[in-house]
Amino acid sequence: MDLRLSWRFRDNSVRELKRYLEDYSAELIVVGCLPDIDKDLLESEFKGRFINWRDDAGKLESLFGDRGVKLADIPRKLSDDPVTDDLDIFRKENPGKDVQFIDQFIKMYVAEGCKFECSYCSEILAFPAYHSFPEDQLVAECRRLVEKTGRHEVILIGDSVGEYGSDIGTSLPNLIRKMCAIHPKLQIALQGFNPAHFIRYFNEMNEFIDNGWIRHLQLPFNRLLQSFSN
Ligand code: SF4
């Protein structure tokens, strides 16, 4: 396996852009990670305008003008309600609706970016510099959702969730302890928990598992979509 598989996703995106241009008589503006991942290809294959992820605040304003509200002024979304507590039943009752494993949990978005520099990673070309979201806001938002939904399964989501807090003077174990103090039944799921971080926090993770605080761990030895590395 090599980068050619990753490029298939890129090439498929470019094909889709061309199809949209043929199928619809409207201006097409490309947004998302592709303009950061392969700007040269995009410029050679697509003659329209695009907003690259890293510069989206400025580009939005230059394309759509000053609408009185800046992207930076819009509060960041830190969480999502769970969609269901039973995926199988939900799928049976809602045929065609797309639900994933993480939709069983209260979702908390804890950080963006990744400090690793894997040579095969295409996503890192689009990520912003690593930044954690404020711990007090995350804990308050988690408490609000636990009280609102009566659910106690919380999944922490980030491009590199194990790095949480390293830029703001705290850490993932600190965040987990504070969240688990919200309710005795609360359990944490970790998505994209890099094995290097598992080793860094090996003692804490053992303690958390013994406490019954860990519901699910996903350790990506090879994160499929962005790497396809052997
Ligand atoms: S492959 Fe994963 S760990 Fe490596 S740079 Fe990309 S997101 Fe970070």
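Two residues are taken to be in contact when heavy atoms of the two lie within 4.5 Å. On this basis, among the contacts in the protein that link residues at least 6 apart in sequence, 67% join residues at least 24 apart. The model examined here is a predicted one, and its secondary structure comes to 9 helices and 8 strands. The C-alpha trace spans about 55 × 40 × 40 Å along its principal axes, and buried residues make up 40% of the 230 residues in the protein. The protein exposes about 13,500 Å², of which carbon and sulfur atoms supply 51%.

The largest pocket holds about 660 Å³ of space. Its lining consists of 21 residues, and those closest to the centre of the pocket are W53, R76, E112, H131 and F133. Two or more residues of this lining are given by each of the elements α4, β4 (106–112) and β6, with β4 giving the most, namely 3 residues.

The structure holds 19 salt bridges, a few of which are described here in turn. Within helix α1 (residues 3–23), the side chains of E16 and R19 meet in a salt bridge with an N to O distance of 2.9 Å; because E16 and R19 are 3 residues apart in this helix, about one helical turn separates them. Both partners count as partly exposed, E16 having a relative accessibility of 28% and R19 one of 35%. A salt bridge is also formed by the side chains of K107 and D103, at 2.8 Å from N to O. Here the relative accessibility of K107 is 7%, so that K107 counts as buried, and D103 is likewise buried, with a relative accessible area of 10%, given that buried means under 20%.

The side chains of R200 and E163 meet in a further salt bridge, at 3.6 Å from N to O. Since R200 lies in helix α8 (residues 195–200) and E163 in the loop between β6 and α7, this pair ties together parts that are 37 residues apart in sequence.

L125 is placed in the loop between β4 and β5 (131–132), where it is partly exposed, with a relative accessible area of 37%. Leaving aside neighbours within four places in sequence, L125 is in contact with D36, I37 and R54, while the C-alpha atoms of L125 and I176, which are 51 residues apart along the chain, are separated by 29 Å. I74, in turn, is found in the loop between α4 (56–64) and β3 (79–80), and its relative accessibility of 48% means that I74 counts as partly exposed. Together with V69 and L71, I74 forms a nonpolar patch on the surface, and the accessible area of the three residues together is about 260 Å².

Conventions:
Residues numbered from 1 in each chain as written. Predicted model: local features only at pLDDT ≥ 70, side-chain atom pairs only at ≥ 80, totals over all residues. Heavy atoms only, no water. Patch = residues over 30% accessible without salt bridge, like charges linked within 9 Å, V, L, I, M, F, W, Y side chains within 5 Å. Areas by Shrake-Rupley, 256 points an atom, 1.4 Å probe, with all protein chains shown as cover. Salt bridge = Lys/Arg side-chain N within 4 Å of Asp/Glu carboxyl O. Helix = DSSP H or I, 4+ residues; strand = E, 2+ residues; numbered from the N terminus. Buried < 20%, exposed > 50% of the residue type's maximum accessible area, 1.4 Å probe, protein only. 1 Å grid on protein atoms, 1.4 Å probe; cavity = no way out; pocket = protein on both sides within 12 Å on 5 of 7 lines; lining within 4 Å. Points joined across faces, edges and corners; volume = space filled by probe spheres on them.
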